[in-house]
Amino acid sequence: MMPQDIQLVARIAVSIVLEAAPFLLLGSLLSAAVDRYVDTGRIARRIPAGPLGRMAVGLLGGMVMPICECGSVPLARRLLGKGVPPLTAITYMLAAPVINPVVLVSTYVAFSSNFIMVLARVLVVACGAALTGWLCSGRLSADFHADSNQLTLPPDLNHLHLHGAHGVPADGRRRLMVLDLLSSAASEFMDMGKYLVLGALASAVFKVFLPWQLVQALVGNTALAIALLMLLAVLLCVCSEADAFVAAAFVYAPPAAQLSFMAVGAMVDLKLIGMYFSAFPKKIAWMLIFVPAACVFGLSNLLSLFMR
Amino acid sequence: MRRVLLTLDGAFVFGLGLYMLFLSQAEAYTAFMNPKFRLLTAAAAAGLCTVGGAFLIRPDGRTDMLRTLCFGVLGMLILHAGTGVVSSAAVFAPAPPEVRTHPDPHLTRNGDVYLKSNPARLFLLLQAGAALPDQRYVTRGIVKRSAQLDGLGRFALLRGNMVCCLADVIAMGVMVAHDGAREFRDGEWAMAFGRTQATQAPQPITDMGGAGEAPFAMVYDRAVFVAEALERIDRPRFPYVFELPQSAKGPARLTGGEDDY
């Protein structure tokens with residue numbers, strides 16, 4: 001291991017944090033705002049009662065409220081805490097980083113106006129997100145009703161409170177409310193940020209020390225290439241807004257493998273895995289990892305029959 | 001102890017904000033991120049300073065040793081990351097180098113006119129079928145050799161292409177064919193003058209590994225850059241380029257485009 005390799009690892013890890021920090025901060029601020037200013041049940045009442053309607057709201061939520069994968073986790077767990085049905089919240093969490101205008105356009109540009117690739121990406125991610133949301137919803141609902149703290153929301157973020165605010169004039173209370181909002185956003189940022197840092201470091205180590213020749217040599221076989229590029233997507237932690245350009249550069253890989261790289265990376269990667277275990281019960285976290293991965297692998301292999 | 005941890009937490013978030021603010025205004029930013037995201041980084045930095053400041057004034061009640069430790073590790077990574085290949089006395093000067101001027105896109109050599117294009121842009125042009133066979137190009141990049149390339153009597157000329165951040169950098173480029181190709185060593189920087197020529201069948205190169213600071217490299221396999229001349233050059237001040245497909249109209253161009261081809 002050379003000193004310049006270690007420095008490169010450090011710089012790649014820092015660059016991943018720099019890239020993700022704005023979105024994680026946005027998610028943390030939205031999460032804190034939802035916690036403080038959104039009436040419990042108000043959102044839930046506006047969401048359709050049927051599973052298809054709930055799924056559709058989750059899938060299309062990203063078009064209205066686009067957010068990167070780092071920001072979607074704290075926001076989704078807060079929405080769950082506010083009574084949004086798990087089917088909607090989980091589906092939104094997994095789909096929003098891809099099914100949003102910015103990422104769809106970037107995919108279209110990266111693949112030289114290949115609309116089929118855009119549609120395939122939407123299809124695979126939508127199926128993966130909806131299936132995971134559906135499978136998680138039963139278990140998460142039961143856990144949630146049993147004890148809302150199962151969602152591991154920090155107890156001090158679960159209710160609006162103002163330490164020592166009693167007897168403070170209205171202006172002062174507003175200031176304290178703003179301070180509390182920002183302070184809890186910072187706390188949320190750090191809670192999720194620790195996994196971002198660990199994931200970024202692990203990803204940088206893989207990026208620098210992975211035997212890339214092996215990757216280049218193996219991408220010729222379709223099923224192997226799909227599995228390999230999925231693994232790469234998990235290890236490399238490329239942001240969903242940039243991953244299409246990276247996937248497009250794997251020119252030796254079949255299109256279905258490029259698709260699998262883009263589809264799984266936005267739902268499962270090293271930093272997200274840590275966040276899932278932090279934000280959800282263990283069984284749900286495992287489901288959030290394996291169900292989308294299995295779905296992407298199956299669908300990518302299926303689509304490889306049509307994508308040449 | 002609890003108070004110390006909370007203060008450290010707030011200080012780390014505030015410090016990260018300050019670092020991002022500082023970096024977003026410096027040349028060294030291009031060693032980490034595509035400069036088109038400067039504004040986003042600066043805005044996030046301001047946000048982090050704000051929430052970090054609020055946390056310091058009125059800390060959230062919980063402590064978490066792991067998160068404090070993780071942000072401490074991040075601080076050490078930042079200190080160790082340096083500025084990498086972007087190194088000069090002015091590296092932290094508050095003067096973003098990506099001035100949007102329009103330098104002459106051509107270079108004249110021995111009376112012949114060459115269109116400037118970095119290897120990554122050539123890759124994307126070839127991939128999109130937009131590289132004209134009659135067009136003469138001049139391109140600069142890092143030389144990469146491998147057994148497969150040696151067998152073909154060629155080397156790869158590559159340039160690290162960054163979409164968002166250093167994590168997604170891929171060294172992209174073309175195979176260069178020239179009588180003197182074997183005289184160029186792995187890792188040298190070279191300038192090639194010539195034309196692109198389609199190959200009869202794809203010639204994937206699968207034994208390259210990385211090049212320079214990009215651990216992963218990809219060379220276009222359906223064309224070769226037939227060089228009329230090759231020159232050794234010094235490494236450019238900014239080794240990365242920021243090319244996207246169809247982005248010829250406006251990728252971030254460093255130092256007015258002089259470091260861009």
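This is a predicted model: local features need pLDDT of at least 70, side-chain atom pairs count only at pLDDT 80 or more; totals for chains, interfaces and linings use all residues.
User: Ok, at what angle do α1 and α3 of chain B pack?
Analyst: Helix α1 of chain B, residues 2-24, packs against helix α3 of chain B, residues 65-81, at an angle of about 35°, and their axes lie 10 Å apart. The crossing of α1(B) past α3(B) is left-handed.

User: And which residues meet there?
Analyst: From α1(B) the residues are Leu5(B), Leu8(B), Asp9(B), Phe12(B), Gly15(B) and Tyr19(B), and they meet Met65(B), Arg67(B), Thr68(B), Phe71(B), Gly75(B) and Ile78(B) of α3(B). By class, the residues of this contact of α1(B) with α3(B) comprise seven nonpolar, three polar and two charged.

User: Switching to chain A: is Asp191(A) buried or exposed, and why?
Analyst: Asp191(A) counts as buried because it has 22 C-beta neighbours inside 10 Å, where 20 or more are needed. Asp191(A) belongs to helix α8 of chain A, which covers residues 170-209.

User: What is Asp191(A) in contact with, beyond its neighbours within four places in sequence?
Analyst: With those neighbours left aside, Asp191(A) is in contact with Ser278(A) and with Arg67(B), and Arg67(B) is also one of the α3(B) residues that meet α1(B).

User: How many residues does each chain put into the contact between A and B?
Analyst: Chain B contributes 60 residues and chain A contributes 54 residues. On the side of chain B that touches chain A, the elements giving two or more residues are α1, α2 (38-57), α3, β5 (170-177) and β7 (217-233), and α2(B) provides the largest share, with 12 residues. That side of chain B divides into 37 nonpolar, 14 polar and nine charged residues.

User: Which domains does the assignment give for chain B, and how many Å separate their centres?
Analyst: The domain assignment gives domain 1 as 2-81 and domain 2 as 106-257, and the centres of these two domains of chain B, taken over C-alpha atoms, are separated by 37 Å. Their contact takes seven residues from domain 1 of chain B and 10 residues from domain 2 of chain B.

User: Last one, how many residues does α14 of chain A have?
Analyst: Helix α14 of chain A, residues 282-303, has 22 residues, and its reach of 32 Å from first C-alpha to last is close to the 32 Å expected at 1.5 Å a residue. Its buried residues include Ile284(A), Met287(A), Leu288(A) and Val291(A).

Technical notes:
Residues are numbered from 1 along each chain as its sequence is written. Chains are lettered from A and ligands numbered from 1 in the order in which they are written. Axes are lines fitted to C-alpha atoms, for helices over the stretch in contact, and angles run from 0 to 180 degrees between N-to-C directions. Helices (H or I, at least four residues) and strands (E, at least two) are DSSP runs, numbered from the N terminus. A crossing is left-handed if the near helix is turned anticlockwise from the far one by less than a right angle, and right-handed if clockwise. Two residues are in contact if their C-beta atoms, placed from the backbone, lie within 7 Å. Ala, Val, Leu, Ile, Met, Phe, Trp, Tyr, Cys and Pro count as nonpolar, Asp, Glu, Lys and Arg as charged, and the others, Gly among them, as polar. A residue is buried if 20 or more other C-beta atoms lie within 10 Å of its own, exposed if 12 or fewer, and partly exposed in between; C-beta atoms are placed from the backbone. The expected span of a helix is 1.5 Å times one less than its number of residues. Domain bounds come from an automatic or database domain assignment.
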